[in-house]
Amino acid sequence: VVVIAIASGHTATGQVAPAPPSSGLAALDARWSLALGSPLSATPAFDAQTAYVPTRNGQLAAVELDSGFVRWRIDLETAVSPASGDGLVFATSTGLLMGLDSASGRPLWRTPLAGRVVAPLYWDSGWLIASMESGDVTAYRADAGTLVWTQNLGAPLALAPVPALDRLFFALTDSRLISADLDTGVVRWTETVEGRISGLLALDDQLIAGTTGNFVQSFELTNGRRRWRWRVGADVVGSGAADDGFIYFVALDNVLRAVDRRSGNLRWSRPLPARPSTGPVRVDDAVLVPFVSSEIAVFSPADGKPIVTIKGIGELGAQPYLRSNPAPTAARLITVNREGTLQGFASRMEPPPAPLETLPGARVGGDGG
């Protein structure tokens, strides 16, 4: 079992140096770990209570995030990331698209596929979206697997779609960005970018695309007009993250950058000690950056100063998952490494310091001797 520890300033013996108290992520303890016995075959899907993890030994496992227990495990060979929503898990295998009961793993419906799915499945408000090798994007009713519409985009998706307004935004393998209506699949606009699209982030006011052409670009949601563009020193890694003021992204020049959300002007940058493996994650008062070297660094969103380091053994196989509202004692941060080991970290529960009313130990001397 590969065990991942979270701390600031880990030593070889596992001792922990004190961490600044400015982030709640500095006060997490390892609560559980689980080895599934096989490497990942695709990126897991998560919902509020469960991780759905496909492994190379031809299984899909549902892991409870509070406890780390395996709720169910079924035989299912897939190289496509599953999706989840409305009490179902969606997966593909051998020419089939299927909906499974999230509580038991029991198949509820199966739909034949006309080709091979090549991008992660995507669920949104009762819709299930699949991207085929042929360039077809197909939309289904998630509750029954009924086909609603098909749209050929001329190339397969490079990433899972992202939603904003009443639309879906697609990043294609031929470097095109496409905006389409969710309920009909009708294309509203198309733009071409420099390099392969490596990350896509839809906000309520703009679409952010990172590319292997060393650019981060912002587009208007309604018409695709370019708002701003930022050139960096290497390929952009993964999707960005955002808050009310900044947009954060990383690139293979090993730099974390924060740009103004409205203008795209650089606000700060921070050299990274290792190569980032995925895009950053914005949570609470912190920005997380996972590394290829098995560590996750946590930075201040205000100025990029380091806060704490999450130290792992073995390379992470997926972006860390942060639960939004778990129980106070339940795991909040979930990591998955390439070998199929999950670990949950929960908030440290320590009583507040208080003065002692009576000193411990036996009384010596004085009245009553």
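Reader: Which residue in the turn between β25 and β26 has a positive phi?
Author: This is a predicted model, in which local features need pLDDT of at least 70 and side-chain atom pairs count only at pLDDT 80 or more, while totals for chains, interfaces and linings use all residues. Residues are numbered from 1 along each chain as its sequence is written, and side-chain values use heavy atoms, with hydrogens and water left out. Strands are DSSP runs of E with at least two residues, numbered from the N terminus, and two of them pair if DSSP finds at least two bridges between them. β25 and β26 form a hairpin with five residues between them, and the turn residue whose phi is positive, at about 80°, is G264.

Reader: Which residue of β26 is the bridge partner of L256?
Author: β25 pairs with strand β26 (residues 266-271) in the antiparallel sense, over five bridges. Within that pairing, L256 has as its bridge partner in β26 the residue R270.

Reader: What is the bridge partner of I247 in β25?
Author: Strand β24 (residues 246-251) also pairs with β25 in the antiparallel sense, here over six bridges. These two strands form a hairpin with three residues between them, and N254 in that turn has a positive phi of about 60°. The residue of β25 that partners I247 is V259.

Reader: How many residues of strand β25 are buried?
Author: In a regular strand the side chains alternate between the two faces of the sheet. From β25, V255, R257 and V259 point one way and L256, A258 and D260 the other way, and all are buried, a term that stands for under 20% relative accessible area with a 1.4 Å probe and protein chains only. The strand (residues 255-260) is therefore largely enclosed by the rest of the structure, the buried count being six of the six.

Reader: Which strands stand at the edges of the open sheet of four strands?
Author: This open sheet has antiparallel pairing and the order β2-β33-β32-β31. Two of its strands each have a single partner, so one side of each is left without a neighbour in the sheet, and these are β2 (28-35) and β31 (321-322).

Reader: What is the angle between the ring planes of Y248 and W268?
Author: Rings of Phe, Tyr and Trp (its six-membered ring) pair if their centres lie within 6.5 Å, and planes under 30 degrees apart count as stacked, over 60 as edge-to-face and the rest as tilted. Y52 and W72 are both buried. Y248 and W268 form a tilted aromatic pair, with 6.0 Å from centre to centre and an angle between the planes of 50°.

Terms used. Buried < 20%, exposed > 50% of the residue type's maximum accessible area, 1.4 Å probe, protein only.
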